[in-house]
Amino acid sequence: MKKLLILFIFVLFGCTNNKQIELTDSECNINWSLCTVYPDKSFTLINKKTIKIAILDSGINEYHSSLEGLVTKSFNAINQNESTKDLYGHGTAIAGIIAAKPNNYNVQGISNSVELYDVKVLNDKGGGKIEDVISGIEWSIKNDADIINLSFGFQKDDEYLRDAIRKASDEGITIVAASGNNLGLYTDYPAKYDEVISFSSVNKELKIDPLAGKGKIDYVAPGIEIPILTNDADHVRYVNGTSFATAIGTGVIANILAESTSLLNQTELKTKLTNISIDLGEKGKDTSYGYGLIQLKTNK
């Protein structure tokens, strides 16, 4: 469980590192997702504490200029004797969406109040085994992560994965996962579990991605034509998928957690997320858009 003494120290000394987000029309044209998350193009991030995000993925290129200094711990669940080098590129892309420093490519991260845990659970072709994901979750629990980001999923349920997710949730960790890119046929696991906040993706017109999973959807975020960091520092690629919408969701959640002086349980967090969401699709929660599109509007 999180230590209350640490929380007390943060509150007592007012540990803040606020940042003002200011976006131009040109930046919005290059990266529409940023200006969808921040519709006023201006927002003050109130950072009362640093949020530790475990990115369970293909590894992270921690030496990328836009990610330098952000990865504080790493673990290779596939082979503990090897590094977490990201040859596939997916984990680096996810890390950039969540937390990249401002750069010339406008792949600016949603949150600047985080440190990243690089947990390699996917191989160099993007495939993964449930037992490695479970190992990564258990490592994240032991290392006191605040958020676990799972920008992938499995078609079938697994009791051991479910138990690991429940254990992480019981320890106060927020788990965020992708609904999957499966033509709307179902929601992947672990996004389908009640303990997990699941994300689907929308396009610039805020219409659901036809490839995105449906069913147990909690929220949606931009997930079509999203610019990402690549291992080539001079190259940016545009991608589609619920993986990237999930990373945006994790960034927003990190901002909410960083602003709170108290520990938020899932019910409290989802109440905050629902309050800042725009209802899309059918009125109320539905199987395509969940509670709607998450946004961070100007602080009043």
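The legends below describe close-up views of a predicted model.

**View 1. The second largest pocket and the residues at its centre.** This pocket has a volume of about 260 Å³. Its lining is made up of 14 residues. Those that lie nearest the centre of the pocket are Ile256, Glu259, Lys272, Ile276 and Leu296.

**View 2. Elements and residue classes in the lining of the second largest pocket.** Two or more lining residues come from each of β2 (42–45), α7 (242–259) and α8 (266–275). Helix α7 gives the largest share of the lining, three residues. Sorted by class, seven lining residues are nonpolar, four are polar and three are charged.

**View 3. Strand β5 and its burial.** Strand β5 runs over residues 114–120. The strand is mostly covered, with six of its seven residues buried. Its pairing with β3 and with β4 is shown in the views that follow.

**View 4. Pairing of β5 with β3.** Strand β3 covers residues 51–57 and pairs with β5 in the parallel sense. The pairing extends over seven bridges. Asp57 is placed opposite Lys120 of β5.

**View 5. Pairing of β5 with β4.** Strand β4, residues 71–76, also pairs with β5 in the parallel sense. Here the two strands are joined over five bridges. Lys73 is the residue that stands opposite Tyr117 in β5.

Terms used:
Residues are numbered from 1 along each chain as its sequence is written. This is a predicted model: local features need pLDDT of at least 70, side-chain atom pairs count only at pLDDT 80 or more; totals for chains, interfaces and linings use all residues. Side-chain values use heavy atoms; hydrogens and water are left out. On a 1 Å grid over the protein atoms alone, a cavity is a set of points where a 1.4 Å probe fits but cannot get out, and a pocket is an open set with protein on both sides within 12 Å along at least five of seven lines; lining residues have an atom within 4 Å of a point. Grid points are joined across faces, edges and corners, and a volume is the space filled by probe spheres set on the points. Helices (H or I, at least four residues) and strands (E, at least two) are DSSP runs, numbered from the N terminus. Ala, Val, Leu, Ile, Met, Phe, Trp, Tyr, Cys and Pro count as nonpolar, Asp, Glu, Lys and Arg as charged, and the others, Gly among them, as polar. Buried means under 20% relative accessible area, exposed over 50%, partly exposed in between (1.4 Å probe, protein chains only). Two strands pair if DSSP finds at least two bridges between them.
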